[in-house]
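Trainee: I have a new model open and want to learn how to read it. Where do we begin?

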Amino acid sequence: MRLLKRILIWTGGLLLVLLATATILYLIYVRPFMQNMKKVSIIQYDKELTLVLGGGGNSGILTSDSLVIVIDTKMDDAAKQLNKMVRDLAGKKPILVINTHDHPDHSKGNVLYKGYPIIAGGNYTKESWIKDAGEESLPTQWLKDRMDIHMGDETVTLLNLGRNTHTPSDVVVYLHKRKMLFCGDVVLNKQAPVLIGKADADGYMAAFDMLPKVFEIQKIVPGHGAVGGPEIIGDFRQYFIDMKTAAADDSKKDELVAKYKDWWQIPLAMSPGATISYYKKKSETR
Ligand SMILES: [Zn+2]
């Protein structure tokens, strides 16, 4: 009996400690991150291009005399706000939706564009999309490799990265005249990546090397975080290199992790520690 009592006390104590830790982590990391993610900021970049940042993934609305393109449709209230902006700008013009990938914070708002074409990467299948993102947001067209759309004096190129990167079929969108690249979550600005499911760090590295060769980039719209120059790719690339180094050499870990202390992160899921664990697991399975 005495042993049972002791086990119960220990188990109860342990549960309390775990609960307290989870609450503290939630209050310090998750809640501020979620609150920040809900914030929407609108940048009227030029007469035809509006950037709608936050409220899920970053979005863009590009207009011309004949077409309105929307890149990523956000989620929840921000998706409705974006949809209203798109419809107001479009009037009677056709709307074309592009999804950089299937995560709900970028694609859940698709449901508000019923009857309009929605393009996403062709490495997903209908079944995989439904499983990961739900049936309501299903695209209508799957992009195998590349598509060029001419609208007004702008040419818009959609490129399917075609291999596991952030997801199995990330699409980037390049505006030639503006030399601007919408990267989806293949590039984040001051935010640690989530490397789960089919996410592949080798795919990210290949993209960081390939994108500046294929496109002349002056402006980057990352999947999350502020708009900036090509240095955003360089900084995010360096993060992967640093975390790989930290995974291989424990003595360098603290210093390398500290470099990213001002980045948005959630312990165990979206953080330098989580990326290091990812690299350790990856090297074990090789
Ligand atoms: Zn994502």
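**Reading the strands and the core**

Mentor: Begin with strand E8 (residues 146-151), which is hardly covered: among its 6 residues, the count of buried ones is 0. A residue is buried if 20 or more other C-beta atoms lie within 10 Å of its own, exposed if 12 or fewer, and partly exposed in between, with C-beta atoms placed from the backbone. Strands (E, at least two residues) and helices (H or I, at least four) are DSSP runs, numbered from the N terminus.

Trainee: What kind of model is this, and how are residues numbered?

Mentor: The model is predicted; local features need pLDDT of at least 70, side-chain atom pairs count only at pLDDT 80 or more, and totals for chains, interfaces and linings use all residues. Residues are numbered from 1 along each chain as its sequence is written.

Trainee: How does E8 pair with strand E9?

Mentor: Strands of a sheet pair through backbone hydrogen bonds, either parallel or antiparallel. Here two strands pair if DSSP finds at least two bridges between them. E8 and strand E9 (residues 154-160) are antiparallel, with 6 bridges. Ile149 stands opposite Val156 in E9. The two strands form a hairpin with 2 residues between them. Gly152 sits in that turn, with a positive phi of about 60°.

Trainee: Which strands stand at the edges of the sheet that holds E8?

Mentor: The sheet is open, has 5 strands and runs E8-E9-E10-E11-E12, with mixed pairing. E8 and strand E12 (219-222) stand at the edges. Each has a single partner strand, so one side of each is left without a neighbour in the sheet. Neighbouring strands are turned by 15° against each other on average, direction ignored. For such angles, axes are lines fitted to C-alpha atoms, for helices over the stretch in contact, and angles run from 0 to 180 degrees between N-to-C directions.

Trainee: Which way do the residues of E11 point?

Mentor: In a regular strand the side chains alternate between the two faces of the sheet. In strand E11 (residues 180-184), Met180, Phe182 and Gly184 point one way. Leu181 and Cys183 point the other way.

Trainee: Why is E3 called largely enclosed?

Mentor: E3 is largely enclosed by the rest of the structure because 5 of its 5 residues are buried. Ser59, Ile61 and Thr63 lie on one side, Gly60 and Leu62 on the other. E2 pairs with E3 in the antiparallel sense over 4 bridges, and Leu49 stands opposite Leu62. E3 and E4 are antiparallel too, with 4 bridges. A hairpin of 4 residues joins E3 to E4.

Trainee: Which residues have the most contacts inside the largest nonpolar core?

Mentor: In soluble globular proteins, nonpolar side chains tend to be buried together. A nonpolar core is a set of buried Ala, Val, Leu, Ile, Met, Phe, Trp, Tyr and Cys residues joined through C-beta atoms within 7 Å. The largest one here has 60 residues, and Ile98, Val172 and Val173 have the most contacts inside it. Helix H6 (residues 231-248) gives the largest share, 7 residues. Not counting residues up to four places away in sequence, Ile98 touches Ile69, Ile71, Ile119, Leu158, Val171 and Val173. Contact means C-beta atoms, placed from the backbone, within 7 Å.

How values were computed: Contact = placed C-beta atoms within 7 Å.
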